[in-house]
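Please keep the sequence and the structure in view while reading.

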Amino acid sequence: MTAYVEAVSGIRPKMRRAIIMVQDLVMILVSVALSLTLSQSRLSFDAFSYGGLLCWALIVLIAHLLFRYCGLYSTVWRFASTPDFFNILKGCGSLTVVLYLASIAFRAFFQPVSGLNERQFIVFFLVSFTIISAPRLYYRFLRDGSSWRLLRRAASDAPIKQALFIGRLSEADVIVRFTRTSVPAEYAIAGIMATEADAPFGTQIQSVPVVALRPRLIEVLEDYVKGTQSLDLLIFGNGVEREIEDYAELVRVARHGGIAVVQFSGLSELGQGGKLVLDAVEMETIMRRSAVATDTTRIGAFVGGKRVLVTGGAGSIGRILVKRSLELGAEAVLVADNSEFGIFQLDQLIGEKDRDRLTSRIVDVTDRPHMMRLVSEFKPSILFHAAALKHVPLLEENWEAAIETNVFGTLACAEVAAECGVPQFLLISSDKAVDPTSVLGVTKRAAEQIVSSLHEAQAAPSLFHAGGLNGHHAGVSAVHRPGTKFVAVRFGNVFGSNGSVATIFQAQIEAGGPVTITDRRMTRYFMTVAEAVDLVIMSAADAEQRQGRDDYAIYMLDMGKPVPILEVAETMIRMAGKSPYTDIPIRFTGIRPGEKLHETLHGGNEEVVKLDTAKIFGLRSDVVEWPRIEAALPALVAAMHDRDKAAALAILAGLYLREESTGGAPEQTVPKTAGQIG
């Protein structure tokens, strides 16, 4: 049987179809002979005479035309189903009726023929349907029937992985079929765990039993893992993580039992073997951060055909902004980053078809003359300012670099954008800017205030200048022209970004531990990089359409609920097939300088406005007028020159207002220094 199936599978499709056609015609002739024999008919003419042979030929021609019309030769029989056998039924029935009517007409208008009646045609229909269906059923049985699967497993050098499927029964039917028909065979579904609570327990889908229903999925999976040594794979259905609360725990049970976990996301082309597309279950999925459906049409219309400049384009957020802009049809993308290696890595991620639209420049965003040359030559339609230093403990020690990049770098890029007439400038901000307690937070808040101040004044053709600053940041001046839209987008942590907890924990787990957490109570907001980037672009598209009272300087992304950092660590350890505290120890090190236990996305004196766009909010916040910012810059430069951290942070603190927890009037606050944070 193995040789037969392999021989048939190896024939080219056109040749295989021709063989099937000839086979069907031979079967029709056999059906005619069998029907006459079984009904004991004795024709009044010789079947091998000239007239008899002509009748055989007409029967063959009519049968071929009807079978083609009924779609018998447009089916790939390894994937045949009930409608395909209905086509055979329809073809054989049509042929029987046509031949019966032809026999009546022949006897009426030409010559009477004895030995023919309705009985012969009924027998002909039953025989023809049976013997035409039989080869197809036999072939499919050999391809995906249980007996063939066992033979194929025994003959194969590579063992077939035994899998459980968790999902909807409709998907289970598809997956079981395709696992059986894939060549070479990779997976065999041993059982189905249905996510529908009302699914028929104990029934079978193509001979595969339904072994569990909600809400007993975890209990059954645990029993299954303990009771068998042959389970290799757990396959989740598409979107299951949004349908069941036990998703993360099911992954934990499987991984702890040494079972690989994947998720079904679709099917490849039939011409490529009709294989399943199974994706690795990543951290983003495990933490159940439900992504919003992207309005690709809207962001595509916004970015398509535009020239886009991304500062910090070799970083975590910037890199995806660059890729997404190219995917959405940007005319050209310019990357400005000071990391040579980062730009090299970015270049490796960009496909050949997009590289002619990508330009990269190694430049420090605080180098205003260099940025001026880049922007004036490239003429971007939008400038995404993602360049920033953002590691909280490191910046407590390197506070000058934080101010230089996060404050003066933002100022330089914003004023260059204004002077060059860039239609839109968008700052990537952070939840650390809300009631900041760290150098990172206070510098990002100052960057937000710079952008907000320029946003408020965007309609006025005012002259902003910082004056001569003893040569340091001299020339920080720009004629702010109407039309430059300044906005900031504020959001929390993203999975997989450089230096994020996910990447740190992953490295610690691979090294065998311990996984270090500052405090077991600490929580953070999380979002996937891809979702954050799409929502940033959506915010820019929204801002482009707004004017007057409904215009917002700061947008805030809906990050969902904050997630305990301890839960992230424990989940990642379980994903690696280990047990927290037993296989991989977890150590609590204490809160570091500048860190908070819990981040917030908006302050008490900020009004959150719900917008029509999903997952995006507008923020109304106190805005420091530009003259006040302008007056603070020389003093900030002087404090940096004197290496006076306290003075520098006090100056930056004067650029924002924070409401007292008692609900009183807003007051200026100075963020805690490293020595003040317990």
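A salt bridge here is a side-chain nitrogen of Lys or Arg within 4 Å of a carboxyl oxygen of Asp or Glu. The model is predicted, and it holds 25 salt bridges. Side chains of opposite charge can pair when their charged atoms come close.

Arginine 357 and aspartate 354 form one of these pairs, with 2.5 Å between the closest N and O atoms. Both arginine 357 and aspartate 354 are buried.

Another salt bridge joins arginine 298 to aspartate 542, where the closest N and O atoms are 3.6 Å apart. This pair links distant parts of the chain, since arginine 298 sits in helix H11 (residues 296-303) and aspartate 542 in helix H20 (residues 529-544), 244 residues apart. Aspartate 542 counts as buried because its relative accessibility is 5%, under the 20% cut-off. Arginine 298 has a relative accessible area of 29%, so it is partly exposed.

The side chains of arginine 524 and glutamate 599 also meet in a salt bridge, at 3.9 Å from N to O. Here, too, distant parts of the chain are linked: arginine 524 belongs to strand S18 (residues 523-524), and glutamate 599 to the loop between strand S22 (586-588) and strand S23 (607-610), 75 residues apart. Salt bridges with shared partners join Arg524 and Glu599 with Asp431, Lys432 and Lys596 into one network. Arginine 524 is buried, with a relative accessible area of 6%, and glutamate 599 counts as buried at 5% relative accessibility.

Technical notes:
Residues are numbered from 1 along each chain as its sequence is written. This is a predicted model: local features need pLDDT of at least 70, side-chain atom pairs count only at pLDDT 80 or more; totals for chains, interfaces and linings use all residues. Side-chain values use heavy atoms; hydrogens and water are left out. Helices (H or I, at least four residues) and strands (E, at least two) are DSSP runs, numbered from the N terminus. Buried means under 20% relative accessible area, exposed over 50%, partly exposed in between (1.4 Å probe, protein chains only).
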